[in-house]
Amino acid sequence: NKLEDGEIEELKKLKSLLGLKDKDIDEVHNQVAGQIYKKSFEQMIKDGRLEKKNEDFFEKLEQDLKLPKNLAEKISGEARQLFIQNYVKKITADER
């Protein structure tokens with residue numbers, strides 16, 4: 001879902017009314033978009049597989065959210081690491 005022109009104009013008015021700077025807006029946007037991307041990524045890899053169609057989905061999601069590439073890579077890297085850590089914990093717990 002993308003913002004329509006009217007919604008963008010309303011956000012610009014709100015930005016002006018609140019006296020927000022572009023940097024503030026970017027920070028909030030990256031936080032919200034990052035949370036959406038992270039939840040989606042964690043959900044998609046919960047079975048331990050990331051297929052080509054999923055990678056295509058995340059590329060489109062990254063573009064739709066206007067998420068900076070470095071932030072998307074950081075989020076996906078952290079999610080992968082967390083998955084591996086949890087997997088190793090599960091294996092070692094099962095062996096006991």
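Predicted model: local features only at pLDDT ≥ 70, side-chain atom pairs only at ≥ 80, totals over all residues.
Biologist: Is Gln43 buried, partly exposed or exposed?

Modeller: Buried means under 20% relative accessible area, and exposed means over 50%. Gln43 has 49% relative accessibility, so Gln43 counts as partly exposed.

Biologist: How far apart in space are Gln43 and Ala79, C-alpha to C-alpha?

Modeller: In sequence, Gln43 and Ala79 are 36 residues apart. In space, the distance between their C-alpha atoms is 9.8 Å.

Biologist: Which residues does Ala79 touch, not counting residues up to four places away in sequence?

Modeller: Ala79 is one of the residues of the largest nonpolar core. Sequence neighbours up to four places away are left out of the count. Ala79 then touches Phe41, Glu42 and Ile45.

Biologist: Is the pair of Phe41 and Phe58 stacked, tilted or edge-to-face?

Modeller: A pair of aromatic rings is described by the distance of the centres and the angle of the planes. For Phe41 and Phe58 the centres are 4.9 Å apart, with 55 degrees between the planes. An angle under 30 degrees counts as stacked and one over 60 as edge-to-face. With 55 degrees between its planes, the pair is tilted.

Biologist: How many residues apart are Phe41 and Phe58?

Modeller: Both Phe41 and Phe58 are buried. Phe41 is in helix H2, whereas Phe58 is in helix H3, residues 52–64. The pair links distant parts of the chain, with a separation of 17 residues.

Biologist: What is the angle between the planes of Phe83 and Tyr87?

Modeller: Phe83 and Tyr87 both lie in helix H4, residues 69–95, and are four residues apart, about one turn of the helix. Phe83 counts as partly exposed at 27% relative accessibility, and Tyr87 counts as partly exposed at 48%. Their rings are stacked at 6.2 Å centre to centre, with an angle between the planes of 15 degrees.

Biologist: Which residues do ring pairs link into a cluster?

Modeller: Phe41 and Phe58 form one of the pairs. Ring pairs build a cluster from Tyr37, Phe41, Phe57 and Phe58.

Biologist: Which element gives the largest share of the lining of the second largest pocket?

Modeller: The second largest pocket holds about 170 Å³ of space. Its lining includes Tyr37, Phe41, Phe58, Glu62, Lys69 and Arg80. H2, H3 and H4 each give two or more residues to this lining. The largest share, five residues, comes from H4.

Biologist: How many charged residues are in the lining of the second largest pocket?

Modeller: Glu55, Lys69 and Glu73 are among the lining residues. By class, the lining has five nonpolar residues and one polar residue, and the number of charged residues is six.

Biologist: Is Glu62 buried or exposed?

Modeller: Glu62 is found in helix H3. Leaving aside neighbours within four places in sequence, Glu62 is in contact with Tyr37, Leu67, Lys69 and Ala72. The cut-off for buried is under 20%. Glu62 has 12% relative accessibility and therefore counts as buried.

Biologist: How far apart in space are Leu65 and Ile36, C-alpha to C-alpha?

Modeller: Leu65 is in the loop between H3 and H4 and is buried, with a relative accessible area of 16%. Leaving aside neighbours within four places, the contacts of Leu65 are His29, Ala33, Ile36 and Tyr37. Leu65 and Ile36 are 29 residues apart in sequence, and their C-alpha distance is 8.7 Å.

Biologist: What is the phi of Lys66?

Modeller: Most residues other than glycine have a negative phi, and most peptide bonds are trans. Lys66 is in the loop between H3 and H4 and counts as exposed at 63% relative accessibility. Its phi is positive, near 55 degrees.

Definitions and conventions
Residues numbered from 1 in each chain as written. Heavy atoms only, no water. Phe/Tyr/Trp six-rings, centres within 6.5 Å; stacked < 30°, edge-to-face > 60°. Buried < 20%, exposed > 50% of the residue type's maximum accessible area, 1.4 Å probe, protein only. 1 Å grid on protein atoms, 1.4 Å probe; cavity = no way out; pocket = protein on both sides within 12 Å on 5 of 7 lines; lining within 4 Å. Points joined across faces, edges and corners; volume = space filled by probe spheres on them. Nonpolar A, V, L, I, M, F, W, Y, C, P; charged D, E, K, R; others polar. Core = buried A, V, L, I, M, F, W, Y, C linked by side-chain atoms within 4.5 Å. Contact = heavy atoms within 4.5 Å.
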